[in-house]
Amino acid sequence: MSNLEKSGVFKLGGRTVRRIGYGAMQLAGKGVFGPPKDRAEAVAVLREAVESGVNHIDTSDFYGPHVTNQIIREALHPYRDDLVIVTKIGATRGADASWKPAFSKEALTQAIHDNLRNLGLDVIEVVNLRSMLGIHGPAEGSLEEPLSVLADLQRQGLVKHVGLSNVTAKQIADGRKITDIVCVQNQYNLAHRDDEALIDQLAAEGTAYVPFFPLGGFSSLQSSTLSDVAARLGATPMQVALAWLLQRGPNILLIPGTSSRGHLRENLAVADLALPADAIQQLDGIASGKPV
Ligand SMILES: NC(=O)c1ccc[n+]([C@@H]2O[C@H](COP(=O)([O-])OP(=O)(O)OC[C@H]3O[C@@H](n4cnc5c(N)ncnc54)[C@H](OP(=O)(O)O)[C@@H]3O)[C@@H](O)[C@H]2O)c1
């Protein structure tokens, strides 16, 4: 058994993936724009991830833009049969590195073709529609038009399964009237827990929940409780943050991002880190603001 199998598997679309995956956003340049400082290291990170048993990679063609997908193709194509690459559409990048909504039929169709070309695929296993109604968090509003466009591309055979990102429970329920929603990718971590009820609901339905910013994203998680628990367990704070997510729900799939093999190894080693009940209780208190 590879170490990663210790943390189990979960259904993602028509496939089953290991619960510890990899998020590719850190492979682009600063601000997720342009080429990385060290392209050879980016290629090495991807190859080591897959050789270590990662079979779920999260990406987007708007990382770079195009750069991250092109590096994935360079590092891993032809892809292993068991590798599931999940991408997302719904945004585009300005020349100044800004993130702009791109929800028109033309923009969404172009995004699918860009992903297919840059990844070197004929069909994409899972595509998340990333809501830009709120850039920094879910905001209510209809996603019917863009989701219908994506469902059309699915019927054309360019996309196998559809997920949603940065969305509310209502948008997921409404989305299911248009097509099956196989995963939800929202911000969630030790310190940011708006989706507690949603995670439980999706778990009961057998739908994968893929938290983005599992380590805090652009500002890494920092908490004295987290550091104390990590020191006690002989682990790093980031490892404890990932282990906490793994125990939070069986449907949680990890996609921590890193540009270095050192951090990749640390993140994958979480498969061997079991959190004792008292540590979980302490960590649970972090977002509540209650002293623990
Ligand atoms: N749907 C969406 O809207 C959305 C938004 C953001 C991200 N995402 C997806 O979610 C994935 C994960 O998010 P993310 O990469 O932004 O944030 P993250 O995984 O929470 O954190 C990444 C940051 O943590 C650092 N890091 C990684 N492993 C570490 C370790 N063991 N010790 C110390 N620092 C470590 C990385 O730096 P180093 O490179 O130096 O390791 C990077 O600065 C992305 O790759 C992307 O696929 C989706």
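Start with the ligand and T258: an N or O atom in the T258 side chain is 2.5 Å from an oxygen atom of the ligand. That counts as a polar contact (a pair of N or O atoms within 3.5 Å). Next, pick N267, where a polar side-chain atom lies 2.8 Å from a nitrogen atom of the ligand. For P214, show the backbone: one of its N or O atoms lies 3.2 Å from a ligand oxygen atom. The protein covers 87% of the 900 Å² of accessible area (Shrake-Rupley, 1.4 Å probe) that the ligand has on its own.

A quick note on the model: it is predicted, so to speak of local features takes pLDDT of at least 70, and side-chain atom pairs count only at pLDDT 80 or more, while totals for chains, interfaces and linings use all residues. Numbering runs from 1 along each chain as its sequence is written, and side-chain values use heavy atoms, without hydrogens and water.

Of its 25 residues, D58, L215, T258, S259 and H263 come nearest. Helix α9 (residues 261–268; a DSSP run of H or I, at least four residues) gives the largest share, three residues.Switch to the pocket view (a pocket is an open set of points on a 1 Å grid over the protein atoms alone, where a 1.4 Å probe fits, with protein on both sides within 12 Å along at least five of seven lines). The ligand's space is the largest pocket, and about 810 Å³ of space lies in the largest pocket. Of the 36 residues that line the largest pocket (an atom within 4 Å of a point), M25, Q26, F213, G217 and F218 are the closest to its centre.

Terms used: Near = heavy atom within 4 Å. Polar contact = N/O pair within 3.5 Å; in protein donor to acceptor, adjacent residues only side chain to side chain. Sits in = over half its atoms within 2 Å of the grid points. Helix = DSSP H or I, 4+ residues; strand = E, 2+ residues; numbered from the N terminus. Points joined across faces, edges and corners; volume = space filled by probe spheres on them.
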